[in-house]
2 protein chains.
Amino acid sequence: MTAVMPSGVETARDLVGPALAAAVARLTPDVRKVAAYHLGLAGPEGALPGAPAGTGARSPGGRPPGAGKALRPALTLLSARAANVAPERGVPAAVAVELVHNFSLLHDDIMDGDTERRHRPTAWTVYGVGAAILAGDAMLALAQDILLEDAGPQGVWAARALSAAVQRLIAGQGADLAFEQRDDVSLPECLTMAGDKTAALMACACSIGSIHVGAAPELAMGLAAFGAHAGLAFQLTDDLLGIWGAPEVTGKPVRSDLRARKKSLPVVAALSAGTAESRELAVLLARDEALSEDELMVAAGLVEAAGGKTWTETEAGTQLAAAHQCLADTGMPADVRAEFAGIAEFITARQW
Amino acid sequence: MTAVMPSGVETARDLVGPALAAAVARLTPDVRKVAAYHLGLAGPEGALPGAPAGTGARSPGGRPPGAGKALRPALTLLSARAANVAPERGVPAAVAVELVHNFSLLHDDIMDGDTERRHRPTAWTVYGVGAAILAGDAMLALAQDILLEDAGPQGVWAARALSAAVQRLIAGQGADLAFEQRDDVSLPECLTMAGDKTAALMACACSIGSIHVGAAPELAMGLAAFGAHAGLAFQLTDDLLGIWGAPEVTGKPVRSDLRARKKSLPVVAALSAGTAESRELAVLLARDEALSEDELMVAAGLVEAAGGKTWTETEAGTQLAAAHQCLADTGMPADVRAEFAGIAEFITARQW
């Protein structure tokens, strides 16, 4: 299956990118510099040549500012459209979600010691740990503030929905860190972690646009359920790509998750299967030394032989079907439903 | 002058301590453990023996949970009373301020590499940098959420007042970090940094109690102005204690700020004075090696001779007078005004 970028993602880039740049411009200069760099709005020294003063907009390739994958902003604009308002009304909520997503990436990169993101050095390696912590803190506080500029009750509900998602993001990252020290992580624990770390913010992205424009709770809840299932399907797919994805698709070396001994869902499913291959895999992953390319291929083969690949593909399919069912059960304009479905298909498309 | 702890501080401990413990109990277990330890509600392994389940209340000495200095909570309860409501109504806002204060301490300890706080190992040294970053993040998000549980417009105003203070806290800490790398920090820059890092949250603590119960803007603004002046006077006093305070008062070794080459207000005032002693001090502080006890005494003498001590004492007096003037200009019950004045005197009392 070929993955075609849904058109809504492009639209979201054009609508949300400038608003995100304007939000970041509200931060104090030291913090703004780090946030703009992390978001790809600026180089390490601040605004790029020719960028509007104070915003640091447009990266060298002429790509709209702050685009990234722009999936979450696209979902949030659709969420507003699901409530029968123009996508522009969803922009503040989309900016808030994108700020929270990036707050979490900034802090995670420090905790995980990651030195590269989106083919650039991570912010903490450029500006130091302190400056990167502060920039993340500032983006988190700013996200809440942007939602509350709409002083009506819907602003409050949106802010509380976002802070609930933040608490789950934090729980998920905490569990992920803790898993690194353990060799007995169970599949339910791993699914809970993925639900917290990935699906919770995706559920928030899908519902907060409607919440922030005062939609009925039934719509918001239906969209949140869709987002939770789609988010889990996305993480399952991402974990499959982390082992079997081609470098030109993932932007990472092949089998990178095995190289890093990551307790991803296919690995934990394989380890939990209780087969001879499970035990062989456990021995291989417990080794102190780095694994050779040949051993990484053996490990990938063992994950597959122990049923880890099939389980993950099946579970991704189940979650995707549940996501579609949520869409079918929730009242919204037909074109909006079709676009949500298109994004769900896009982010779970097989490319291995 | 002898400093007597105002009675309102004790009351605030009794009212706010249990509510703070209950708020922390809402966090997910991994994060809760770190937050409770940092707040002194629990030992490194979680709730202390005999503590109520889920709260980890009461530290070994039988001191009320989460007391710390309890100055900010006391100011917030007074702020509610200034709006003619019972102090209990100020508890959620006091909890939110205390959560933000401690979020910032948790993150600052990581950035500054501090290994001890309140005579205990700092959280990051016990649980690791990742867990301490996450616990701070969680406390920041929780603070906003607690204010928004009051879904009326006053909840939104309070949340936005808090997030404005958070942005200034971040700016102040960012400036403080940047100052470490510079030897040309000016006195206005240093005052701005102190205003951001200390006075902004103090101003928030003094006003947010009234904001959260729906007081008139005139009252909230008058209290915020009082808090900003009192907060600056507090920082000026703290900086004097950092050089001339007795260890039994400060809990730190004598002349600790000089030992750490901290660009505190008396030091920057002395360096900016343009005297022969200013230049001598600059040479001493620029030395690569650690300063001996004798050299530290010489440095303290140079700060004094260059006028740094007198300038700081005078400025603290000016700020304290301005704080009292704000109280006089703002309508509130006489007993509340007297208690605000008492706390301002207490936190700026000379003990050197």
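Two residues are in contact if their C-beta atoms, placed from the backbone, lie within 7 Å. By this criterion, 100% of the interface residues of chain B are also interface residues in chain A, so the copies meet through the same surface.

The model is predicted: local features need pLDDT of at least 70, side-chain atom pairs count only at pLDDT 80 or more, and totals for chains, interfaces and linings use all residues. Residues are numbered from 1 along each chain as its sequence is written, and chains are lettered from A in the order in which they are written.

For the complex, the predictor reports an ipTM of 0.88 and a pTM of 0.90. The pLDDT is the predictor's confidence in each residue, from 0 to 100. Helices are DSSP runs (H or I, at least four residues) numbered from the N terminus.

| Part of chain A | Mean pLDDT |
|---|---|
| Helix H10 (residues 247–250), lowest among the elements | 77 |
| Helix H15 (residues 308–329), highest among the elements | 98 |
| Chain A | 90 |

Over residues 48–68 of chain A the pLDDT is below 50, yet this stretch has 45 contacts in the model beyond near neighbours in sequence. Where pLDDT is low, the predicted coordinates should not be read in detail.

The contact takes 33 residues from chain A and 33 residues from chain B. On the side of chain B that touches chain A, H7(B) gives the most, with 14 residues.

Terms used:
Helices (H or I, at least four residues) and strands (E, at least two) are DSSP runs, numbered from the N terminus.
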